[in-house]
Amino acid sequence: MRVLNFGSLNIDYVYQVDHFVQPGETMSSLSLQVNCGGKGLNQSVALARAGVEVWHAGCIGPEGEFLRDKLTSAGVDTTFVRQVEGSTGHAIIQVDRSGQNSILLYDGANSRITESFVDQVLEHFAPGDVALLQNETSCVGYIMDRAAALGMRIALNAAPANEKLNGLPLEKLSWLLVNEVEGAFLAGTEDPEEIARVLTARYPKTMLVLTLGVQGSLAVLGQERVRMPARTVKAVDTTAAGDTFTGYFLRGVLDGRSLEESLGLAAAASALAVTRVGAADAVPAYDEAVAFYRS
C-alpha cells in the first residue's frame, strides 16, 4: 500500500466570517487562524492517519518549513519535499457561520514542480504503487504519463475545476475523484446521474467517485455502482471534508474492502472532520473513524 502523493503544500489563512464577502463590500472577520493546508498536504495527512504508508512530494518556499514538520509529525515521509525560491503556496479561506467555506488559492511553490524533479522522485517507486494527484500543482499531466509508464496506479482528485484539467490523460487513471462542481465541469452537466453516466462512458476503465455533500457519494466502475448517504453531523468547518474522504476511501480500496465499506468509512471520517476547525488538524485518527463508521 505504498502511496506517493505528488501534492500541493499551502499555508491556509482561515477567516471566520458572518457571511462571505460580497463584491464591493469591506467586512471585518470574526477571527483568523493560520494553518497547514493544501489539498495535497491534507490528503497525505488523511492517508497517514488512516494507516497508509505515504510519501509526499512537492515544493515549499523558505517560510513553509512548518508544513514539512506537520507532515512528518503525522507520519508522512517527506524525503521528496523540496524547498525552492519564492513564496509557499497559500489559500485565503472564508468560513461562514454554517461551516461552509470559500477559498482563494495562490499557487506559489506548487507551480515549481519540474519534469526533472518528477523523474528523480519516480525512480524510487514501482509497478503497483499508487500515485495520488490533485489539480493544484504543475506537471500533473507529465506525472500521470510517467507513473502510468511505470505501471503505477493513479488517483486524481480533480480539484479545483479549471482549464488545467483539459487535456490531462484521464483515461490512465484508476480512480477519478470529483465533487459535484468538478464533475459538472468535466461532464458538461450538473445532474449527478448524468455526470456519472458521461464520465464512466468516457473513461470505462476508471472508477469514478462523485461526492455530493449532504447528498452523500456515488462510486461507479463498469457494472458496479454504490450510493452512500452522508452522515448527519453539525458542521463547523467543511475545509477538510473532501480531502479526508479521499484519504480514507483510498485506504479502504487499497485494503481490498468492498466499495460500499470503503465509501462508508470515507463518509464517517469526513463527517468527523467537518465537526472541527482547521484542515489537516481536523482529520480523525483511524480508530476513531472506524468506531464512528460502525456506530
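Modeller: Start at a turn. In the hairpin of β12 and β13, Gly 222 takes a positive phi near 60 degrees. That hairpin has 2 residues between the strands. Keep in mind that this is a predicted model.

Now follow the pairing out of that turn. β12 and strand β13 (residues 224–228) run antiparallel, joined by 5 bridges. Within this pairing, Leu 221 has Glu 224 of β13 as its bridge partner.

Strand β12 also pairs with strand β11 (residues 207–211). The sense is again antiparallel, and there are 4 bridges. Look for Val 209, which stands opposite Ala 219 in β12. β11 and β12 form a hairpin too, with 5 residues between them. Its turn holds Gly 213, with a positive phi of about 60 degrees.

So how enclosed is β12 itself? The strand covers residues 217–221. Of its 5 residues, 4 are buried, so the rest of the structure largely encloses β12.

Next, the cysteines. A search of the whole structure finds 0 disulfides. A disulfide is a covalent bond between the sulfur atoms of two cysteines. The cut-off for counting one here is a pair of cysteine sulfur atoms within 2.5 Å. Take Cys 36. Its closest cysteine sulfur is in Cys 59, at 17 Å, so the pair is too far apart for a bond. Cys 36 counts as buried, because its relative accessibility is 10%. Then take Cys 139. For Cys 139, too, the closest cysteine sulfur is in Cys 59. The separation is 9.5 Å, which is too far for a bond. Cys 139 is partly exposed, with a relative accessible area of 22%.

Last, a loop residue. Ser 98 sits in the loop between β6 (89–95) and β7 (101–106). Its relative accessible area is 43%, so Ser 98 counts as partly exposed. The Ser 98 side chain makes a polar contact with the side chain of Asp 96, at 2.7 Å. For a sense of distance, pick Ser 258. Ser 98 and Ser 258 are 160 residues apart along the chain. Their C-alpha atoms are separated by 33 Å.

Key. Residues numbered from 1 in each chain as written. Predicted model: local features only at pLDDT ≥ 70, side-chain atom pairs only at ≥ 80, totals over all residues. Heavy atoms only, no water. Buried < 20%, exposed > 50% of the residue type's maximum accessible area, 1.4 Å probe, protein only. Polar contact = N/O pair within 3.5 Å; in protein donor to acceptor, adjacent residues only side chain to side chain. Pairing = 2+ DSSP bridges.
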